[in-house]
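Colleague: I have a new model to read and would like to go through it feature by feature. Where do we begin?

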Amino acid sequence: EFEQEGQYLEGYVSGPLTDELGARLAFRYASTDEFWTNNAPGVSDPTFGEEDLNFRLPLAWDPSDSLSVNFKTPFTEREADYAIGAADIRCIVPGDPQPTSLLQIPFPSGYDCNDDDGVTQLADPNPAHAVNFDGIPNIEPFENLDTNLTRLLVDWDINENLTLTSVSSYFLMEERGNDSYGYDLNGFGTGTTTNETEFYAQEFRLAGSVGENVSFLLGAFYQDRELLFETAQHVIGAPQLNALVGLPSGGDVNTGFTHDWRKVHTTDSETR
């Protein structure tokens with residue numbers, strides 16, 4: 001794709017491994033070097049790109065007429081040069097001075113204010129933030145995302161009136177990103193986020209019939225889930241900025257991290 005300097009490759013291989021076992025492996029790789037163009041002055045990377053890798057592996061096993069097993073696991077990996085996304089300067093009349101997110105200091109904008117033209121004006125994080133921000137020594141904009149969902153389905157016809165089904169599943173999602181959100185040319189307003197979700201689930205279903213007029217379904221379900229959400233930000237008040245106005249400076253006494261605030265939120269749950 002010539003406009004955004006992108007390319008993709010996809011394919012699959014599928015077929016029987018034995019008389020009872022079949023498999024299919026499908027994949028897709030895509031990358032774009034110039035998904036967005038950033039024309040803010042002085043940015044380290046004037047073009048934003050992204051890269052995606054996906055693959056899926058299903059297996060089907062039918063050892064007998066009464067038993068079938070289906071396994072499926074897809075995986076997704078994504079990397080990008082941005083996390084929050086593209087933004088345009090909030091200009092009312094092009095060329096007029098506009099307020100920034102730092103002390104409402106005006107600056108000339110002069111941009112077209114078109115938020116769907118593939119062009120953005122977003123500064124890099126301010127150099128005053130660049131010391132071990134949330135444990136990241138280099139806080140250029142980025143996003144990493146990995147996901148996996150694995151499922152095992154088993155159907156067993158015990159007899160002509162009774163079927164047992166088992167569904168086992170595992171899910172993992174890990175995402176981390178950092179970007180500026182101040183929408184000005186000073187680079188103030190920087191945030192990082194971490195999202196993680198992991199769970200295992202197991203379900204059993206027993207379906208059957210008694211005679212011609214009665215049917216029943218019995219089931220049991222269990223899930224164990226863990227969630228993690230971390231976020232931190234720099235605005236005014238970061239230790240490096242405090243030094244500029246005569247306030248005490250220095251990172252967190254325990255971690256050395258330098259940010260205004262940081263939140264860690266976890267949730268553990270079980271479902272039956």
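Modeller: Begin with the elements: helices (H or I, at least four residues) and strands (E, at least two) are DSSP runs, numbered from the N terminus. His259, for one, lies in the loop between helix H1 (239–244) and strand S12 (261–271). Note that this is a predicted model: local features need pLDDT of at least 70, side-chain atom pairs count only at pLDDT 80 or more, and totals for chains, interfaces and linings use all residues. Residues are numbered from 1 along each chain as its sequence is written, and side-chain values use heavy atoms, with hydrogens and water left out.

Colleague: How many helices and strands does the protein have? In what order do the elements run from the N terminus on?

Modeller: The protein has one helix and twelve strands. The order, from the N terminus on, is β-β-β-β-β-β-β-β-β-β-β-α-β.

Colleague: Back to His259. Is His259 buried or exposed?

Modeller: Go by relative accessible area: buried is under 20%, exposed is over 50%, and partly exposed is in between (1.4 Å probe, protein chains only). The relative accessible area of His259 is 13%, so His259 is buried. Across the protein, 32% of the 272 residues count as buried.

Colleague: Now strand pairing. How many bridges join S9 to S10?

Modeller: Two strands pair if DSSP finds at least two bridges between them. Strand S9 (residues 162–180) and strand S10 (residues 190–210) are joined by 19 bridges and run antiparallel. S10 also pairs with strand S11 (residues 214–234), again in the antiparallel sense, over 21 bridges.

Colleague: Which residue in S10 is the bridge partner of Thr163?

Modeller: Ala207. Follow the row onward: in S11, Leu217 stands opposite Ala207.

Colleague: Which residue takes a positive phi in the hairpin of S10 and S11?

Modeller: Gly211 does, with phi near 70 degrees. That hairpin has three residues between the strands. Look at Glu5 too: it is not a glycine, yet its phi is positive, at about 50 degrees. Glu5 lies in the segment before strand S1 (6–16). Its relative accessible area is 39%, so Glu5 counts as partly exposed.

Colleague: Next, contacts. What does Thr73 touch?

Modeller: Contact means heavy atoms within 4.5 Å. Setting aside neighbours within four places in sequence, Thr73 contacts Phe55, Arg56, Leu57, Asn148, Leu149 and Thr150. Thr73 belongs to strand S4 (residues 67–80). With 14% relative accessibility, Thr73 is buried.

Colleague: Which residues does Gln223 touch?

Modeller: Not counting residues up to four places away in sequence, Gln223 touches Phe199, Tyr200, Ala201, Ser269, Glu270 and Thr271. Gln223 lies in strand S11. Its relative accessible area is 16%, so Gln223 is buried.

Colleague: And Lys263: with which residues is Lys263 in contact?

Modeller: Phe229, Glu230 and Thr231, leaving aside neighbours within four places in sequence. Lys263 sits in strand S12 and is partly exposed at 41% relative accessibility. Lys263 and Phe229 are 34 residues apart along the chain, with 8.0 Å between their C-alpha atoms. For the whole protein, take contacts with a separation of 6 or more: 64% of them come from residues 24 or more positions apart.

Colleague: How many aromatic pairs does the count come to?

Modeller: Rings of Phe, Tyr and Trp (its six-membered ring) pair if their centres lie within 6.5 Å; planes under 30 degrees apart are stacked, over 60 edge-to-face, the rest tilted. The count comes to four aromatic pairs. In one of them, the rings of Phe35 and Tyr82 have centres 6.5 Å apart and planes at 5 degrees, so this pair is stacked. Phe35 lies in strand S2 (residues 21–38) and Tyr82 in the loop between S4 and strand S5 (97–99), so the pair ties together parts 47 residues apart in sequence.

Colleague: Are Phe35 and Tyr82 buried or exposed?

Modeller: Phe35 is partly exposed, at 27%. Tyr82 is buried, at 8% relative accessibility. Ring pairs link Phe35, Phe48 and Tyr82 into a cluster.

Colleague: Last, charges over rings. Where does the charged end of Arg24 sit?

Modeller: The rule needs NZ of Lys or CZ of Arg within 6 Å of the ring centre and within 35 degrees of the ring normal. The charged end of Arg24 sits over the ring of Tyr12, at 4.1 Å from its centre. Arg28 lies over the face of Tyr8, 4.5 Å from the ring centre.
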